[in-house]
Amino acid sequence: MSEKQMKECEGSGSSGRMLFVRGYNLVSDLLHCVLGILLLAACAAQIVNAAPQLLELFSAETGMQATARLVDKVLFVMMILEVGHTVLISYKEHVIRPEPFLVVGIIASIRRILALTILVVEFHMDEKIFRMAMIETGVLSILIIILVTAIILLRKRSNTGVRLNRYDGDAC
């Protein structure tokens with residue numbers, strides 16, 4: 001902030017406002033850090049929790065079920081990491097980018113398709129439930145195509161982030 005801007009701010013009585021904005025930004029940054037740490041802890045807990053499924057893969061009786069649970073956990077961890085990545089970008093650049101949210105949507109859709117596939121294969125369902133599962137799989141597939149297209153279109157644009165209104169020290 002230049003001396004001229006500083007004097008204008010002091011003269012206009014906005015020093016209290018500047019102090020509030022600085023305090024707000026400090027608390028916001030602290031909460032972003034806490035949120036990032038919590039997300040990493042959740043990922044670590046899920047990875048530790050997935051270890052038994054990894055060992056079950058070698059069992060002939062539960063191989064398919066263990067594989068399904070392991071893939072489900074891995075995709076869940078990927079979703080948490082992507083949300084954590086979004087928090088990190090928001091903290092570092094003070095920008096909210098839409099791509100990580102779209103990636104989380106893609107991962108969640110793939111996760112659901114895999115879960116539906118395993119349900120259909122493992123539990124031989126009646127025709128009505130099977131048809132509903134296939135409709136859901138089709139809708140999720142279309143959703144994935146739409147989300148991927150959105151990511152491609154956003155990446156073609158140079159500035160896709162939404163700038164957060166944060167105090168950078170340039171104005172009152």
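Reader: Which helices each supply at least two residues of the lining of the largest pocket?

Author: Bear in mind that this is a predicted model. The pocket has 13 lining residues, and Gln65, Ala68, Arg69, Ala115 and Ile118 are the ones nearest its centre. Helix H3 spans 63–93, while helix H4 covers residues 99–122. The helices that each give at least two lining residues are H3 and H4.

Reader: How many residues of that lining are charged, by class?

Author: The space in this largest pocket comes to about 180 Å³. Sorted by class, its lining has eight nonpolar residues and one polar one, and the charged residues number four.

Reader: Is H4 roughly parallel or antiparallel to H5?

Author: Start with the geometry: the axes of H4 and H5 (residues 127–156) come within 9 Å and cross at roughly 160°. An angle over 145 degrees counts as roughly antiparallel. So H4, relative to H5, is roughly antiparallel.

Reader: What about the contact of H4 with H5: how many nonpolar residues does it have?

Author: H4 goes past H5 in a left-handed crossing. Going by class, their contact has four polar and four charged residues, and the nonpolar count is 18.

Conventions:
Residues are numbered from 1 along each chain as its sequence is written. This is a predicted model: local features need pLDDT of at least 70, side-chain atom pairs count only at pLDDT 80 or more; totals for chains, interfaces and linings use all residues. Side-chain values use heavy atoms; hydrogens and water are left out. Axes are lines fitted to C-alpha atoms, for helices over the stretch in contact, and angles run from 0 to 180 degrees between N-to-C directions. Helices (H or I, at least four residues) and strands (E, at least two) are DSSP runs, numbered from the N terminus. Angles under 35 degrees count as roughly parallel, over 145 as roughly antiparallel, 65 to 115 as roughly perpendicular and the rest as oblique. A crossing is left-handed if the near helix is turned anticlockwise from the far one by less than a right angle, and right-handed if clockwise. Ala, Val, Leu, Ile, Met, Phe, Trp, Tyr, Cys and Pro count as nonpolar, Asp, Glu, Lys and Arg as charged, and the others, Gly among them, as polar. On a 1 Å grid over the protein atoms alone, a cavity is a set of points where a 1.4 Å probe fits but cannot get out, and a pocket is an open set with protein on both sides within 12 Å along at least five of seven lines; lining residues have an atom within 4 Å of a point. Grid points are joined across faces, edges and corners, and a volume is the space filled by probe spheres set on the points.
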